[in-house]
Amino acid sequence: MLLVLAVIDLLRIRAELNRGRDALKSLDFSSVDQQGNLTGAVNGAAAHLAKADHLADTSPWLGFWSHVPLVDDQVSAIRDVTATARDVGTLGQHAADRVQTALDRASTQGPEGRVPLVDTIASTVADLRSSLKTISIPDRRWLMPPLSGARHDLLGDLTKADQQLHDAGTTMQTLRSFLVGPRRLLILGGNNAEMRSVGIATTSGVASVANGAIDVGDFVDASKTYTAPPGVDLPPGWHDLYGFLDPDLAYGNTVCSANFGLTGQVAAELAARNIDGNVDGVVYVDTVALQNLLDVVGPVTVDGITYDSTNAARILINDNYVKFDTADRGERRDAQGRVANAIFDALQTRHVSFVHLAAKLQELGQSRHLMVWSQRADEQTLWEDVGAAGATSSDDLDVTMQDLGGDKLDFYVQPQVNMTVEPDGDDRRVNLTITATNPTRDRTSSYIEGFGTAFTKPGEYGAYLVVFLPHDAFAAMNSDPGFNTVTPDGPLNAAAMTYTIPIGTTRTVHMSFDLPGSTSTIHLLPSARLAPIRWSWGSWHFDDRLPVAIDLSKVRVGPEVSDLWLSVGLLLFGVGAAIAGNSRGRVAVALANGAEGTRLAVRGAKADYEIGFLVLVVGLGMIATQVALFIWR
């Protein structure tokens with residue numbers, strides 16, 4: 001009974017340790033924002049670690065076993081682990097209190113409080129790293145595997161934490177350098193009413209960063225930053241994919257590519273040749289991002305209209321197109337620029353929670369509504385680390401429906417994708433059914449419907465479907481229409497096709513591609529549409545608002561497994577068992593009869609038994625092999 005009670009307490013201790021450990025590992029801007037502040041989030045984790053240590057110290061059942069020879073070291077090791085975890089939690093609490101105080105102070109100081117805040121965080125990180133290095137766990141004599149494993153895991157966590165704190169210190173140095181500046185950043189304003197891989201960049205401005213302040217200049221129409229031919233050089237594959245849209249001459253269609261790392265390079269080269277001049281980096285921010293930032297800074301009023309976190313996107317990318325005629329194009333875009341300036345000004349002048357702002361920026365970066373590229377390698381690493389670089393990886397998948405009608409119909413058009421995956425020998429075939437409807441509209445205008453192009457009629461949706469496939473994808477196929485282009489774009493392969501969707505109709509495209517069996521996971525990138533693309537795979541339904549990891553391993557691949565070996569194995573097993581059993585019976589009869597020639601009869605029966613037993617073993621081997629093939633197929 002004492003052993004059972006001790007085991008129960010051990011399970012309680014392990015549960016508290018796991019809760020505290022998981023809470024510390026899951027700390028990010030979003031989780032801290034949800035819990036109110038950093039202190040509260042870390043205190044919750046530390047409380048679990050402290051409770052584990054208290055249980056280990058006060059459990060009467062563990063106390064009993066601590067006096068039993070050979071077991072006493074095990075109990076001491078448990079207390080070593082929990083005491084170390086408690087100390088880590090306490091250090092984390094002190095660091096969190098220090099940073100939270102700095103956050104609260106900086107939230108009331110405006111731009112001048114940002115660099116001191118970074119300095120405080122950097123020094124806190126350095127002090128925490130030094131303190132953790134002083135922690136050691138006594139090396140006891142032989143420990144039972146669960147305890148030795150727990151001790152090993154804790155030591156590994158401390159080593160990993162040391163590296164993470166070192167990286168955090170480097171990040172703070174880079175962030176400080178960025179905020180101190182000076183930096184010039186090109187800001188591309190994305191319009192989600194006309195989609196590319198994200199919203200088309202219809203406006204742009206330049207922001208100056210210095211001593212923590214970010215001064216955003218006026219946004220201008222893209223036509224004012226047009227670059228005369230021959231323009232700038234384009235990355236490999238871009239001429240074939242997007243050359244007809246002139247991304248080498250203007251910002252607008254540089255965002256056709258899903259790889260913002262390439263977009264940033266091209267946009268910066270364009271800036272150097274137009275009125276914007278040389279820039280240190282490029283920022284993409286769309287209308288959805290502006291609406292989300294209003295959740296942080298609060299509503300703003302521009303030209304008598306109040307924009308908030310519920311209505312800004314609708315007003316800017318739909319209502320304005322109903323209100324302003326095409327003759328008022330400049331007025332409409334000037335209005336959008338004034339709203340963006342008002343939001344950036346509010347970020348400079350209002351009391352803003354840095355944690356809430358950081359959590360929102362983190363979410364916008366993950367959803368590709370906000371992306372940043374830098375000329376400087378260390379700052380580019382910073383944006384990659386915080387998930388805002390918009391770069392693509394070789395196992396990504398991105399379905400983009402890009403509008404070619406010169407209209408503003410993407411507010412209404414909401415694509416859907418149904419996916420199936422099937423084995424194809426040693427590979428997997430991924431089938432995508434992409435459906436989009438161009439609905440009829442009650443509130444519209446000639447600006448929304450468009451005036452027609454060589455490709456579309458007014459009100460007709462001109463789809464440039466570009467599917468960015470994993471690097472190892474091959475044998476890309478589709479039904480009508482066929483691909484216009486299949487070529488690399490960064491680390492991905494881009495397959496593009498064009499077709500139209502008349503008003504009030506639905507168009508479906510089927511396409512498929514193969515992936516090597518070794519590719520077991522692909523990562524779906526957000527399409528950054530106002531309404532995310534809805535996906536389905538069997539009973540799983542999801543959208544692409546945030547990145548989604550799709551596990552393909554559930555679809556097993558490899559040669560088809562026949563049941564021939566199982567059938568033959570069962571037959572041989574039966575035959576062998578019959579022969580062996582019959583021969584043993586013959587031996588028994590011969591010995592009982594005592595007749596002349598018994599020795600020969602026994603010898604023959606034994607030979608038959610050995611043959612039968614061998615056949616039986618071969619049958620069992622074939623059965624086992626067949627079972628293994630079914631399991632590991």
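These legends go with close-up views of a predicted model.

**View 1. Helices α5 and α7 side by side.** Here we zoom in on α5, which covers residues 72-106, and α7, which covers residues 145-180. Their axes come within 10 Å and cross at roughly 20 degrees. Angles under 35 degrees count as roughly parallel, so that is how α5 and α7 run relative to each other. The crossing of α5 past α7 is left-handed.

**View 2. The residues where α5 meets α7.** From α5, the contact takes in Q74, A77, I78, V81, T84, A85 and V88. On the α7 side, L147, R151, L154 and L158 take part. Sorted by class, this contact has 8 nonpolar, 2 polar and 1 charged residues.

**View 3. An open sheet of 6 strands.** Reading across the sheet, the order is β14-β15-β12-β9-β17-β20, and the pairing is mixed. The edges belong to β14 (485-489) and β20 (548-551). Each of these has a single partner strand, so one side of each is left without a neighbour in the sheet. On average, neighbouring strands here are turned by 25 degrees against each other, direction ignored.

**View 4. Strand β14 and its partner β15.** Now we move in on one edge of the sheet, where β14 stands. Strand β15, made of residues 492-501, pairs with β14 in the antiparallel sense, over 5 bridges. To find your way around this pair, look for D489, which stands opposite L492 in β15.

Notes:
Residues numbered from 1 in each chain as written. Predicted model: local features only at pLDDT ≥ 70, side-chain atom pairs only at ≥ 80, totals over all residues. Heavy atoms only, no water. Axes fitted to C-alpha atoms, helices over the stretch in contact; angles between N-to-C directions. Helix = DSSP H or I, 4+ residues; strand = E, 2+ residues; numbered from the N terminus. Parallel < 35°, antiparallel > 145°, perpendicular 65-115°, else oblique. Left-handed = near helix turned anticlockwise from the far one by under 90°. Contact = heavy atoms within 4.5 Å. Nonpolar A, V, L, I, M, F, W, Y, C, P; charged D, E, K, R; others polar. Pairing = 2+ DSSP bridges.
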